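Please look through the structure below.

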Amino acid sequence: MELMLIALLVIATVPWNLDAFNVDTSKAQIFSPPSGYKGSYFGYSVALHSYSTDKWLLVGAPLSNVSDLASSSSSLSLKNYGAIFKCKVPSSSPSCIYIPIDNTANEKRQGRLNNQPTQLEMETKQNQWLGAVLESTGKNGKVVTCAPRYAYRGEPPQDSSTFQYKWILGRCFEVETSLIRAKSTIIEPCLDKKKGNNYYGYCQSGFSAKITADKEPYIAMGAVGVSRWKGGVITYSPAFKTTTLSTQDQIDHGNYMGYSVTSGYFGLANKTGIAGGAPRAENIKGKVLIYQIEGQLTVSAALPQPKNIKMGSYFGSVLCSVDLNKDGYTDMLVGAPLYSDVGDEGRVFVYMNNKRGALNLMPDMDLTGDKVAEGRFGSSIASVGDLNKDGFEDVAIGAPYEGSGAVYIYHGTMTGIDPKHKQKIMGSEVQSSLSQFGQSITGGLDVDDNSYPDIAVGAFGSDQVVLFLTQEVLNVEAEVKLNVQRIVLENNETTCSESDNTLHKCLNVTVCFRNLETQRTDLNISYKVELDRDKGSDALKRMYFYKNDQKSFVASRQRLMPFKSQERVCLSPYTVHLREKDRIVDLLSVLTFDLSFDLADTPCGKVLCPVLNSYKSKLTRAVATFQKQCGSDICKPDLSVTGNLVIPGNLKEIHIGTVQEVTLVVEVKNKAGDAAYLSQVLISYPTTFDYIGPRASDLVRCTTSATRNGTETATCTVGNPLKGNSNKTFGIKFGTTELVNDFYITITAKSANEDLNKKDNEVKLKVGVKFEADLEVVGSSVPDEVIYEGKAKERSEIKTQRDIGPKIAQTIIVQNNGPSKVDGSEITINVPSQSLGDAKGYLLYMLQVELTGASGSCITKGVLNPENIPVGNITSESKESRRKRRDVTYLDCRRTTCKRFKCQLGLLLPGEKAEVTIRSRLWQSTLIRKNPGSVKIETVATVSIPDKRYTQPNTENDYVKIIINASPVSTGQAKQKTPWWVYFLAALGGVLLLAIAVGIMYKLGFFKRKRVKDISNPQTDDSLVS
């Protein structure tokens, strides 16, 4: 019986080229602006867009001149207005057309200047940077472009003493889906707002923009100049023509919030949130906040700052939302293009959504490019769709100052993103003239109808944009079949004659390929088969190809093969001869047959050539062995395998945090008398079970190979041969820190021989994973004692938050005391907010909730500032009371109406803390009106872990009460008028005491002084002689 040996995959030695996969650079199309638009920063922004069957590349040119709509002349008389262009793609002759967005002269109005009537320009469009921001939602999508430096004067002056600033307000334009023109409504969220440095005078709305994916989408805009450059995020509803500005919570002057914006499902899977970057926040280290859209834009979360971030890194200046692992929740990439180890290499940080309202920072997924100094890697980040059709979204990242610019391609995976770039495109290799290549990137739209999304990259320094088409990825598997896998030198079977009439042991080698695609495919495959490759020198090789009296150690060929769907095609076999028995020195090591293959480099006409999936091996090996220890010519072993996971402490489950390393002990037996050749044990386990390797004392060699579905296999050679009636025991070490669930380990024993009993060749072990963590919660209030005073005010009398009452900051700290890490804990907070039965009788009026120290989000819908009371001037007005009180009334959730909200926490490692700060004001009018005297207001916080996999050894520290003591001024620190005679007697007593003291000192001679001999005159020599 002829036995076939399926090819063994050898992944570790596959010679991949990491700088080239399936984004084609050989047929890149380069677009330039029309004549007359040079030097316009064409390519500063880019977007791919489709309308009906037409595909377009949209390009922003923020310094472009445009022609005046009111003029009959076609000259570009409006200087540096900015423009966007549309370029039909793909195109045999790339060209672009101007889209009229803003081509009217500055508005003028009648006014007076120096007491003289004059026409004054009300706005400044020159250098407004129209087209600096460009966004499209893609297929039949919506388009918006912005002019963030648009300036408006306001009302014209009416006399010589009036001077009006030109305020840099910024504005945005919706563009018709057909790309014919801009829509009539201009988005100007800051136009009607109060001007000045402290307000909206330097708003710069449209500094960044993003269109949400809602059924009725919002346009989110960054406005970096609001309130002395605190900045903010503004949402605009095209359906209702309304705008909303984010609260000014958790940012400060000069932070530039809104430098970048993005949107996604950061909390709930169907609820959109807005993320904004503030690269100058946190001592110029940068910050990213996530806002929830609940009538107003309030902060729901702050991304945890990377521990290694440095000042000036501009962390948060670039944001990209993308569902990397396709779990329905949005993940985020945050650029820090000025991150420096040497100098501005740049870095991108990855945050994965835990599906419980938190974005966890993944330090092991930091993206760094090639770490080229001054490259500014991370200046642009774009989700470009599933480039290789593996089911996961991919990302392109620009480094525009790495030479003439570079773009890196990263692939999404089941666990997040592969931190090694799969492809690198250098601008200089596309065209030498490109400059600032990679400053802008767009993708996700298939422009050539091959079912693969394509990419466009801007190079504004040279006024160019490059369109890259994506090649089809084919999945092909190969195998090498041997008609004989065990060579018995002692018999005369399987021999072949050569031209000199000598007989040699021989075998046939057949190369087969399988098309894994669902459609018919014709493939031109180039392949090579190499014999005994591990021997190196031809003189040591034990076999050779024999054909027409010619001997060779390598056979190569190129073959055009038509494949049906899922079809396997096998080629004509090669004949291999072994050397004479006395010339074969090595009978212990296996005979190897290595097949390497790829698609042949042949022209494909006008269409792009496909490529093979680089995640599948292009190198396959088959092996044969010399057989000696068998009762007959055919060995009949009987292998069995058992396994046992040894956990320190004799535990039955892996306790994450306590157990760092475990050992899988495997015993394989050959119960038959015949030897088992090429005996192997295959161990399959999840990739989160971190393979370390065999124990040092075990003479076992193992190799590992990972798959894209989250599993990994270790292949361990246990004997060649494994003798009859013998066994082999060995141990493999694994790390446990990344485990998240119970899992299975599958252990399989196999050999090159047919096994007598296959029922005991495989065993499956279930491994339990247990998390044990002690979460402790503590709380405090600053101040913890306040007084309330004055008269009760009606709601209409409360104009600013200062009118409410004293400020209070309550801080709740959750610490993970270990031993396990915790992901997904939650804090439930109950705050006494209203007097029972009194809808407007507020107590603690909550204004802001801030979560720091860990990832997570706080759901505060309907909790914060329900009356929308403005901040007003910031002064120090809290009044503390330190008196001893009696007859205290407790105001807890049984005696008041409490408002409850939850904060979902992300990953907390042992020893880490999360801090929730609630900023409120005591609504003192309620207490003044009800006059309860001294009260204790009790806020309660409870921490829990909803995930049932976790156990908490100590539940007594999961609950904390925060007490605020409030007292009326009349019983505590009321000022009482002092009678005049008290002052008189006090002054008289002081004078008498002073007189008595002076008299006593006089009697004691305190005021008498002895005169010192005057030695100011110079002494003579005589005075020195005695």
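**Domain 2 against domain 3**

In this predicted model, 9 residues of domain 2 are in contact (heavy atoms within 4.5 Å) with 6 residues of domain 3. Domain 2 covers residues 474-627 and domain 3 covers 639-771, with bounds from an automatic or database domain assignment. Their centres, taken over C-alpha atoms, are 31 Å apart.

Residues are numbered from 1 along each chain as its sequence is written, and side-chain values use heavy atoms, without hydrogens and water. Local features need pLDDT of at least 70 and side-chain atom pairs count only at pLDDT 80 or more, while totals for chains, interfaces and linings use all residues.

About 660 Å² is buried between domain 2 and domain 3, and carbon and sulfur atoms give 58% of that area; buried area is the accessible area (1.4 Å probe) that two parts lose on being put together, summed over both. Strand β48 (residues 619-626) supplies 3 residues, the largest share of the side of domain 2 that touches domain 3. Strands are DSSP runs (E, at least two residues), numbered from the N terminus.

**A sheet of three strands**

Elsewhere, 3 strands form an open antiparallel sheet in the order β9-β12-β13; two strands pair if DSSP finds at least two bridges between them. At the edges stand β9 (123-124) and β13 (167-168), each with a single partner strand, so one side of each has no neighbour in the sheet. Strand β12 (residues 151-152) is joined to β13 by 2 bridges, and Tyr152 stands opposite Trp167 in β13.

Technical notes. Helices (H or I, at least four residues) and strands (E, at least two) are DSSP runs, numbered from the N terminus.
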